[in-house]
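Subject: Structure handover and findings

Dear colleague,

Please find the structure below. My notes on it follow.

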Amino acid sequence: MEKIIIEVGSTNTKIDKYDGKSVQNIGTETIEFKKNYKKENKLNESDVEKLINIVNKQKNESENIYVCGTSIFRNLNENQKSDFLEKFKQSTGLNFEIITSEEENKLTVAGATQNVNGKVAVFVGGGGSTEIAIYDNGIEEMVNTPVGVMDVMAEFPDLADDIATTDLEKIKDFIKERLNLPKNKADILILAGGAHKHFAIDSGVLYESNNLYKDDLQPILMDIETRKSETQRYYKEISLDEIRSRVSDPDWWFATRAMCAFVLVVAEEIGAKYVIPTDISMVYGLLNR
């Protein structure tokens, strides 16, 4: 049965279609929920209306729609949560499920480890939260932090400029001071919960074929030294303006340098030898829930 799954995060709203066999991303919309929430300590009404319009537009395409939210929606107080859920239901006729950080981590890990035998780490980064799991035929350790790329961007806005001026190591130190990190180690770090493969392919950084295991959703990888050097190059040499001028989603690239710093902090902490960027998100776990 065809189904549309809409995942609403602090900044990006992902729309996926499942045709009964495979998942296809049919759109990613930018809604600055977290950035605007910080201004008044509540959801911005225009942001909520934008989300409602996106959902109602999808209702014209399918009658089977599931909508969920992460990150910023967990931070709402009970009155804010109740008001939002009621307005969403009245305006769309649909329920809105707020996913806990633990559930988000488990659902994403389920999709990222379908073809993995052995020990890996799974990184799930977002605008307002970060989840990390150590997996070895089951989740061994899981750590969550209500900190994401938008927190970094608020402190270092130059990361969205054509070329970054703040040193990468300074960004990493800022993240290390705030991020909960796992105690266990893993040779492989799988990047999920966002369009990491999309970033790798369209940014111009170097990568190679994934020869560690076969998974059509995880076709590329970087060894850790390549990831380090290419992140430095993405900060100091690769033009963000040039990328934004040729892609169909220029707003999405706003916090990509911040995300790269998060990845390096986690990779170095767990002793990863390889980084595997994927576009896998919660949708794969949701479909099997």
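Does T108 count as buried or exposed? At 1% relative accessibility, T108 counts as buried (buried means under 20% relative accessible area, exposed over 50%, partly exposed in between, with a 1.4 Å probe and protein chains only).

First, the conventions. This is a predicted model, in which local features need pLDDT of at least 70 and side-chain atom pairs count only at pLDDT 80 or more, while totals for chains, interfaces and linings use all residues. Residues are numbered from 1 along each chain as its sequence is written, and side-chain values use heavy atoms, with hydrogens and water left out.

Helix α4

T108 sits in helix α4 (helices are DSSP runs of H or I with at least four residues, strands are runs of E with at least two, and both are numbered from the N terminus). Leaving aside neighbours within four places in sequence, T108 is in contact with V124, A192, G193, I280, S281 and M282 (contact means heavy atoms within 4.5 Å). The helix covers residues 101–112, and its 12 residues reach 16 Å from the first C-alpha to the last, close to the 16 Å expected at 1.5 Å a residue (the expected span is 1.5 Å times one less than the number of residues). Besides T108, the buried residues of α4 include S101, E104, N105 and L107. The buried residues of α4 pack against β6, β7 (130–136), β8 (139–145), β9 (188–192) and α11.

Largest pocket

The largest pocket has a volume of about 910 Å³. On a 1 Å grid over the protein atoms alone, a pocket is an open set of points where a 1.4 Å probe fits, with protein on both sides within 12 Å along at least five of seven lines; lining residues have an atom within 4 Å of a point. Grid points are joined across faces, edges and corners, and the volume is the space filled by probe spheres set on the points. Of the 48 lining residues, K14, G193, G194, A195 and W252 are the closest to the centre. By class, the lining has 17 nonpolar, 20 polar and 11 charged residues, with Gly counted as polar. Elements that each supply at least two lining residues include β1 (3–8), β2 (12–18), β3 (23–30), α7 (196–203) and α10 (256–270).

Aromatic pairs

The count comes to 10 aromatic pairs (rings of Phe, Tyr and Trp, the last by its six-membered ring, pair if their centres lie within 6.5 Å; planes under 30 degrees apart count as stacked, over 60 as edge-to-face and the rest as tilted). The rings of F33 and F73 have centres 5.2 Å apart and planes at 65°, so this pair is edge-to-face. F33 is in helix α1 (residues 33–40) and F73 in the loop between β4 (65–69) and α3 (78–92), 40 residues apart. F33 is buried at 1% relative accessibility, and F73 is buried at 0%. The pair F199 and W253 is tilted, with centres 5.8 Å apart and planes at 45°. This pair links helix α7 to the loop between α9 (240–246) and α10, 54 residues apart. F199 is buried at 6% and W253 at 0%. Ring pairs also link F33, F73, F84, F88 and F96 into a cluster.

Regards
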